[in-house]
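I opened my notebook to look up how this structure is put together. My entries follow in the order I made them.

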Amino acid sequence: MEDPDLLRRLLRAKDRMDAASHERWPVERLAQVSGVSPAHFARSFKQAFGVPPHRYLLTRRIERATALLRDTDLPITEVAFETGWESLGTFGRTFRDVTGENPSELRERVRAAADELGRVPACHVAAAHRPDLTIAVSEKRRLQAGGTNAPPTKEVP
Amino acid sequence: MTQGVQVVGLYVRDQDEALAFYVDKLGFRVHTDVRNGDYRWLTVQHPEQPSFQLGLFLPGPPVLDAATAQSVRAIVAKGAMPPLVLLVDDCRAAFARLHERGVEFTQEPVERFGSVDAGFRDPSGNGWKMIEARR
């Protein structure tokens, strides 16, 4: 069990990713927020929150993209840019791999059902729709393809 | 009103620190602060909500054994306790005032769904949403 004071500082890094998930969050930057070394940070964060920091960031970006698709009329290119992707292609592919739908398909579907959630604070609606990314995206792609490739040695966010 | 919810408790890592935060920074008032040996029953109240008390409790003996208390402290520090909502008249003004006092905000005021909301944490890690009342 980690020291609660360290956990509180790790939470601060998680909060910073939550507040600005469109920004770049290399481990060095996160480690600085938590006041620990980068190696210690990556290990402790995964132990505390169950996922590596870069994968947590990815789930937040997908969550935010989902909210923008649902709540705004921003073009999908803008949604990709706003949520931190540098290319529309990577955004679309990653979004589909994580959620099982293209951004445009998801936009149409969630808008139909959005009215029922009006009484729940927006952040909790968003959190309830956060993708449950328990495996790396590259692994998810491989499993869905029914692939027999050797697991990648490096995770591709 | 004679029936209803009277006290809801939070777990905090340090009751003096929590008291300073909720009273000096958020503007709550102390309702009850009594000790029995190491145990301290501490509740605070919002100045506009006299029928409700927020308990600031330390996880530990005699209520919890040491191992359980350690787990609870970790859960609080990871921000995993359930959400809390503070209703305010003017979210941006409250943000400016509390930010000035050193409250750790996790989200600046954002306008959405016809209201404005912000987010902050207490020193222990309990997370609050601060939502502007719809007029």
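I count two residues as in contact when they have heavy atoms within 4.5 Å of each other. The model I am reading is predicted.

**Entry: one residue and its contacts.** I looked up B:L26. I left aside its neighbours within four places in sequence. B:L26 is then in contact with B:F21, B:L98, B:R101, B:V103 and B:F120.

**Entry: the cores.** Which residues touch the most other members of the largest nonpolar core? I found B:L26 on that list, together with B:Y22, B:L56, B:F105, B:F120, B:W128 and B:M130. This core has 26 residues. Several elements of chain B supply at least two residues each, including α1 (15-25), β4 (53-57), α3 (91-100) and β8 (127-132).

**Entry: a four-stranded sheet.** In what order do the four strands of the open sheet in chain B stand? I read β1-β4-β3-β2, with mixed pairing. β1 (7-11) and β2 (29-36) of chain B stand at the edges. Each has a single partner strand, so one side of each is left without a neighbour in the sheet. Neighbouring strands are turned by 25 degrees against each other on average, direction ignored. I then checked one pair. β1(B) and β4(B) pair in the parallel sense, over five bridges. There, B:Y11 has B:F57 in β4(B) as its bridge partner. α1(B) packs on this sheet and touches β1, β2, β3 and β4 of chain B. The direction of α1(B) makes about 10 degrees with that of β3(B).

**Entry: β8(B).** Why is β8(B) largely enclosed by the rest of the structure? Five of its six residues are buried, so the strand is largely enclosed. β5(B) runs parallel to β8(B), joined by five bridges. In this pair, B:L84 stands opposite B:W128. β7(B) pairs with β8(B) in the antiparallel sense, also over five bridges. B:W128 turns up again here, as the bridge partner of B:F120. The hairpin of β7(B) and β8(B) has five residues between the strands. In that hairpin, B:G125 takes a positive phi near 120 degrees.

**Entry: where the chains meet.** I looked up the interface last. Chain A gives 18 residues to the contact and chain B gives 20. The two chains bury about 1,600 Å² between them, 60% of it on carbon and sulfur atoms. I found four salt bridges across the interface. The side chains of A:R12 and B:E104 meet in a salt bridge, at 2.9 Å from N to O.

Technical notes
Residues numbered from 1 in each chain as written. Chains lettered and ligands numbered in written order. Predicted model: local features only at pLDDT ≥ 70, side-chain atom pairs only at ≥ 80, totals over all residues. Heavy atoms only, no water. Core = buried A, V, L, I, M, F, W, Y, C linked by side-chain atoms within 4.5 Å. Buried < 20%, exposed > 50% of the residue type's maximum accessible area, 1.4 Å probe, protein only. Pairing = 2+ DSSP bridges. Axes fitted to C-alpha atoms, helices over the stretch in contact; angles between N-to-C directions. Buried area = accessible area lost by both parts, 1.4 Å probe.
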